[in-house]
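Student: I have a protein model open and I would like to learn how to read it. Could you take me through it?

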Amino acid sequence: MDQDEQKVVQELKPLKTVFVKPLGVNRAYRGRRHSTDELLQFKDDMMKVLPRNIEIPDGKLSVSFIFGISNSGEDIDGPIKTALDALSEGYEFNDNLVYDLHVKKRKTEKGSEFISFEIKPWNPK
């Protein structure tokens, strides 16, 4: 383990660390992916209800989500990409500026699904 890797391991304790290059969703699937009608409708719905009084800080960002999901079989990571893409389009920021992400899932009744979010400056400790 080189000095940079040791520094990362020390910084992330007590997390377990493996040195494998992360694979993004864009590289995980071959061929072009097309937006479904459902995705286009989701983004349109989000644009209509996003609060307009939110100012996005400059620089690196921390984003927190709570997803209220009625299907308890839904994976916690399922809605992250679409919600983050909708926020970045709605608030006109590049989602590659997100350096910190917090996600929680809450069980809710069908018809009462929700997305709560917070966008703030990233503050590495």
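Student: Which residues have the most contacts inside the largest nonpolar core?

Tutor: Start with the general idea: in soluble globular proteins, nonpolar side chains tend to be buried together. In this predicted model, the largest nonpolar core has 17 residues, and Phe65, Leu87, Tyr91, Phe93 and Ile119 have the most contacts inside it. Strand E1 (61-69) and helix H4 each supply at least two residues of this core. The largest share, 6 residues, comes from H4.

Student: What is Ile119 in contact with, leaving aside its neighbours within four places in sequence?

Tutor: Ile119 is in contact with Ile56, Pro57, Leu61, Ser62, Val63, Leu87, Tyr91 and Phe93. Look again at Leu87, Tyr91 and Phe93: they are among the residues with the most contacts inside the core.

Student: How do I read the order of the elements in the chain?

Tutor: Begin at the N terminus and follow the chain: the elements run α-α-α-β-α-β-β. That pattern holds 4 helices and 3 strands. For contacts with a separation of 6 or more, residues 24 or more positions apart account for 80%.

Student: Is Thr82 buried or exposed, or something in between?

Tutor: To judge this, compare its relative accessibility with the cut-offs: under 20% is buried and over 50% is exposed. Thr82 has 28%, so it counts as partly exposed. Thr82 lies in helix H4, which covers residues 80-91.

Student: What does Thr82 contact, beyond its neighbours within four places in sequence?

Tutor: Thr82 is in contact with Leu39 and Phe42. Phe42 is 40 residues from Thr82 in sequence, while their C-alpha atoms are 8.3 Å apart in space. There is also a polar atom of the Thr82 side chain 3.3 Å from the backbone oxygen of Pro79.

Student: And where does Thr108 lie?

Tutor: Thr108 is in the loop between strand E2 (98-107) and strand E3 (114-121). Its relative accessibility is 14%, so Thr108 counts as buried. Not counting residues up to four places away in sequence, Thr108 touches Gly68, Ile69, Ser70 and Glu113. A polar atom of its side chain lies 3.4 Å from the backbone oxygen of Ser112.

Notes: Residues numbered from 1 in each chain as written. Predicted model: local features only at pLDDT ≥ 70, side-chain atom pairs only at ≥ 80, totals over all residues. Heavy atoms only, no water. Contact = heavy atoms within 4.5 Å. Buried < 20%, exposed > 50% of the residue type's maximum accessible area, 1.4 Å probe, protein only. Polar contact = N/O pair within 3.5 Å; in protein donor to acceptor, adjacent residues only side chain to side chain. Core = buried A, V, L, I, M, F, W, Y, C linked by side-chain atoms within 4.5 Å.
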